[in-house]
Amino acid sequence: MKIAIIGSGMSGLACANRLAQAGMAPTVFDKGRGIGGRMATRRADGGFQFDHGAQMIPCDSAGFQALLDEARASGHVADWNTGDGASHAVGTPGMTALAKSLATDLDLRQATEITSVTSSAAGWDLTADQPLGTFDRVVCTAPVPQTITLVGRALTEPLDHVTYAPSLTLMVALNRRIDAPATQTNPTDALAWIAHDSTKPGRKTQNCWVARASAEWSVAHLELSKDEIAALMLDIFLAHHGLAATDVAYATAHRWRFALVTQPLGQAFVKSPDGTLYAGGDWCLGPHIEHAWQSGTAIAEYILRAA
Ligand SMILES: Cc1cc2nc3c(=O)[nH]c(=O)nc-3n(C[C@H](O)[C@H](O)[C@H](O)COP(=O)(O)OP(=O)(O)OC[C@H]3O[C@@H](n4cnc5c(N)ncnc54)[C@H](O)[C@@H]3O)c2cc1C
């Protein structure tokens, strides 16, 4: 059976990994150059490194805990002790590591943006900048707006009640150590989170920080250019820590338009009436990596049961 998976974030990789374990050989397409989707690690000139998407990996279920235990044993996940008595699972040496641990031996096609998924007598025809072939099963794990555009008409249920909050994120490398906590929650009206990223386990960098704007601030400033966002957020970050522009070695911003699910679908996935096309992602069950994993795994289990 030829299976195409759109998206190499946690949901697409969880689905592909489970199918591969059962002897299938899915092909995973992603428009990005790297894998992991919003579980993202940015490396910048100067040797700086930032987790500018998901920060840590909360876990609530036995199935996902088993995956984390395995990833811990293979060195892809470790505990980040933040110095305030708290400990959080994180990818190591970056948040993409958990994705990479699932991607071993998969047929991955990066930098391939799927532009159409159309039904034909033989199955589903996928197109990027050129035809990619016909597949018996297609699994779309893109965020909801892209999923609606690509495959929405073929699904049994509307997805338009699923909502997200955007997130504007600042990455800043300082040229000196400062005395501030490893994590700060709601440190200012504009910022929802600050992390001293370099204090996570396995990081080779020092003094790299990530700040995430609040949902309200992100909405209000969403359409500014990335340079404008970086400049505004940097001012807030520096003022909060009593720093000067001369303390900054590097700064940039990232705009996540569909960052955190605020209203999930409420079921693990959706499909076409004939069970040949599936859609899933964190947006099915909640705002976290674990929800993405649960959705992708549920799709794979369904495909395997139906095969
Ligand atoms: C700033 C931020 C902070 C977060 N913090 C946390 C946290 O601390 N803990 C936590 O658990 N979660 C956090 N999250 C949420 C977490 O990152 C997501 O829940 C999870 O990564 C979603 O995985 P996914 O596979 O469903 O979607 P994604 O990771 O978005 O993957 C979808 C993939 O589909 C690809 N794609 C889309 N359209 C196409 C197309 N047409 N063709 C090919 N490929 C396509 C995209 O490139 C992407 O790689 C955070 C998210 C953000 C943005």
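This report looks at a histidine, a pair of strands and some cysteines in a predicted model.

**A tucked-away histidine**

Let's start with H52. You'll find H52 in the loop between β4 (48-50) and α2 (62-73). Is H52 buried or exposed? With a relative accessible area of 6%, H52 is buried, because buried means under 20%. So who are its neighbours? Leaving aside residues up to four places away in sequence, H52 touches A40, T41, R42, T169, M171, H254 and W256.

**Two strands and a hairpin**

Next, have a look at β8 (residues 116-120) and β9 (residues 123-127). These strands pair in the antiparallel sense, over 5 bridges. A hairpin of 2 residues links β8 to β9. If you want a spot to check by eye, find S116, which stands opposite T127 in β9.

How many disulfides does a search of the whole structure find? The count is 0. Here's how two of the cysteines look:

| Cysteine | Nearest cysteine sulfur | Distance | Relative accessibility |
|---|---|---|---|
| C15 | that of C140 | 11 Å | 0% |
| C284 | that of C140 | 11 Å | 0% |

Why is C15 in no disulfide? The two sulfurs of a disulfide have to lie within 2.5 Å, and the nearest cysteine sulfur to C15, that of C140, is 11 Å away. C284 is in no disulfide either, with the sulfur of C140 again the nearest, at 11 Å.

Conventions
Residues numbered from 1 in each chain as written. Predicted model: local features only at pLDDT ≥ 70, side-chain atom pairs only at ≥ 80, totals over all residues. Heavy atoms only, no water. Helix = DSSP H or I, 4+ residues; strand = E, 2+ residues; numbered from the N terminus. Buried < 20%, exposed > 50% of the residue type's maximum accessible area, 1.4 Å probe, protein only. Contact = heavy atoms within 4.5 Å. Pairing = 2+ DSSP bridges.
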